[in-house]
Amino acid sequence: MNNLIKGEKHDWEMVIGLEIHAQVKSKSKLFSSSSTKFGSSPNSQVSLVDAAMPGMLPVINKYCVEQAVKTGVGLNAKINNYSVFDRKNYFYADLPQGYQISQYKYPIVGEGKVTIDFKDGTSKDIRIVRLHLEQDAGKSLHDQNPSKTYVDLNRSGVALMEIVSEPDIRTPDEAGMYISKIRSILMYLDTCDGNMQEGSLRADVNISVRKPGDEYGTRCEIKNLNSIKFIKQAINYEAKRQIEILESGGSIEQNTMLFNTSTGKTRPMRNKEEAHDYRYFPDPDLLPLEISKDEIERIKSSIPELPDELKNKFIETYKLSNYDASLLIAEKQTSDYFNRSINSDPELKNHAKLVVNWITSELFSLLNKNNLDLNNSPVSPENLGQLVKLISTNEISGKIAKDVLEDMFSTRKTARQIVDEKGLQQVTDHGEIEKVIDEVIADNPKMVEQYLAGKDKLLGFFVGQAMKLTKGKANPKMLNDILKSKLNKKN
Amino acid sequence: MKIDKDTINKIARLSRIKLDDKESEDYIKDLNSILDWVEQLNEVNTENVEPLSNISSSTLPKREDVSKDVNSSEEILENAPDKLEGFFAVPKVVE
C-alpha cells in the first residue's frame, strides 16, 4: 500500500497520533452525584461540587474506575495499581474550578495496543501510550448572542477516559479505522456508548508530515473532532497545508488548530503568547488511587468477549477472511445479528461468506437508504438466514433474492412466504429451460446466424431473452450451459 | 532557581492577577526567600525515592454510582452576575 502524498520535489508521509476522549457510561459524574443524562435543560444537573463552590470536596465514583480498568484490559494494556489525580490549571468560562482534575504522571492505564484490519487481509498494530481518567468541562455556546457566551455546566465533571495513541498512524483512513476499532472495543465492553453525535466519543488529532525516513516534523493538534468523516477531512486539509508551507521554504509552527466543519479548513485556535502552561500538580483533595491485584482480576473476569476474540472465532468456525470477520465485529449489533442468523439453520454454517455478504452489503444498503439501524431492521436475523438458505440450495437465484429481500423489508413477510406467493422458485428443470431456449433460437434466426459467424457477444442477448421468458427465474448457470451447447450444435 | 520580573509577570498572567510595580517587587522578594528556604531540601539525597503526592496513610474513599436527580439550575445560577434562559451569560469568549 502506498501511503505517500506526492509533493513538488519529493513524496511526503503523514505522521498521526490520536487522543480520544470517551465518556464513561456511568449514571453519575466522576467526583459528584449529579446525573450524566444527555439533553437535559441547562444547568439542571450541576452539584455544588461541579460548580466549584468553596469548600466542596470531590469523592470518586467507583464504577468509573472499574470502567477505566475494563477498557484498559480491552486495549491489551497494563493496568497500574497506583495512579494519581492531578490538577491541570487553566482559565475558561466553562471550567468553574479553574482546573481540570486529570491524571498526568501516573495514569490508571499504561501501554497497550489495538489492531486494525485492512481490506487486503493485512493488519497493523497501533500502540497505545496510556489511558487516564479526567473530568469533562461544561459547554459554551458562542453563536447565540453577539456579545455573550452562554455556559451550561451539565457536562462539567462527567467522567472521561482519554486514550492516547503513539504516532503510529500514517493515513486518514488508518485514523478512521483506529477510532472505529476503539469505538467497537468500548461498545463491546459497554464502558462508553460510542455516540459521536452527542459527543460521547471525540478526538484530538496530532499531525505532522515528513520525508519518508526522516525524523518526525513539527506537529499541529486539531481539537475536538466528533465524526470519522471530519477527522479524515481535517487530516487531509492539515497535511496539505503543512506540505505547502514546507515546500515553499517555510517551517511549521507548533499550534493548536480548530477545524471548521462547513469550510473544511483548519485554523489556529490561539496565538503563541497565550501558549498553555498547565502547572500540573497532585490534587491535594484526592488521595492516590490504589487498585489491588485481586480487584483487577475480578474486573478482568467480568469482561465479555472482545471484538478481536470474536473475530478469531469467526475466522476459525466459519472460515471467513480476516476482512469479512472484521466487518462483522465492527459493531456489536452486527456480530449479534450474524450469530443469530447463522445459527438459525445448521446448513448455513457452510455458507457463512454468503450470510456475511447479505448482511453487510444488501441489508446494510437497504437500512441506509431507509435511515434505519440494524437494531430496528424489519428483516429479522432468522428471516435473513432463511433467505440465504434459499439461495444456497439453488431454490432462488441471487438476482431474484435481491427483490425478495426488498419485499421482506417492506412487508415484513418471511422469504419463504414471498417466494411461494409469487412463485419465484428458480427453474432448474432441464427440459423446461431447453424448451425456452429452443423458442428463443427459433424466434431469432438472424441473430443465430451472426453468432455462428463469430459474433460471440450475442450470447448475452440470448441469455437475456431466455431470462425474460422465464421472468428471471431460470438457473443462470444451467441456462448458459444449455444455450451454448445448443448454439454450437447448429454449427 | 531565581524569580525575576519576567517570571513574576508570567505567574501573574497565568493566575489572572494584576500586579503593579511595587507589588511585583514585593512578590519577587517574598518568593525568592521562600525558594531559598526550600532549596535547602536539595541537600537531601532523594535518589531512588518516588515523589510523595500525599502524606495521609488512609486510602481514597470511593462512592457508588448513584445519581441524585435534583433540578439545580435555580440554585446554581443564583449568584451568577448574568444569566439567560437557564444559562450563565459571560462576556463573549471567541476562539
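Reader: In which sense do E14(A) and E15(A) pair, and over how many bridges?

Author: This is a predicted model. Strands pair when DSSP finds at least two bridges between them. Here E14(A) and strand E15 (residues 265-268) of chain A run antiparallel, with four bridges. Within that pairing, Met257(A) faces Pro268(A) of E15(A).

Reader: How many residues lie between the strands of that hairpin, and which residue takes a positive phi?

Author: Four residues lie between E14(A) and E15(A). Gly264(A) has the positive phi, near 75°.

Reader: What does E14(A) do with strand E13 of chain A?

Author: E13 (residues 220-225) and E14 (residues 255-260) of chain A pair in the parallel sense, over three bridges. Cys220(A) has Asn255(A) of E14(A) as its bridge partner.

Reader: Which hand does the β-α-β unit of E13(A), H3 and E14(A) have, left or right?

Author: The general idea is to point the strands away from you and follow the path over the helix; clockwise is right-handed. The unit made by E13(A), helix H3 (residues 228-247) of chain A and E14(A) is left-handed.

Reader: Where do the domains of chain A fall?

Author: The assignment gives domain 1 (5-300), domain 2 (307-422) and domain 3 (430-489). Domain 1 and domain 2 of chain A have C-alpha centres 36 Å apart. Each of these two domains gives 10 residues to their contact.

Reader: Which elements give two or more residues to the domain 1 side?

Author: Strand E7 (112-117) and helix H2 (172-189) of chain A do. H2(A) gives the largest share, five residues. By class, this side of domain 1 of chain A has three nonpolar, five polar and two charged residues.

Terms used:
Residues are numbered from 1 along each chain as its sequence is written. Chains are lettered from A and ligands numbered from 1 in the order in which they are written. This is a predicted model: local features need pLDDT of at least 70, side-chain atom pairs count only at pLDDT 80 or more; totals for chains, interfaces and linings use all residues. Domain bounds come from an automatic or database domain assignment. Two residues are in contact if their C-beta atoms, placed from the backbone, lie within 7 Å. Ala, Val, Leu, Ile, Met, Phe, Trp, Tyr, Cys and Pro count as nonpolar, Asp, Glu, Lys and Arg as charged, and the others, Gly among them, as polar.
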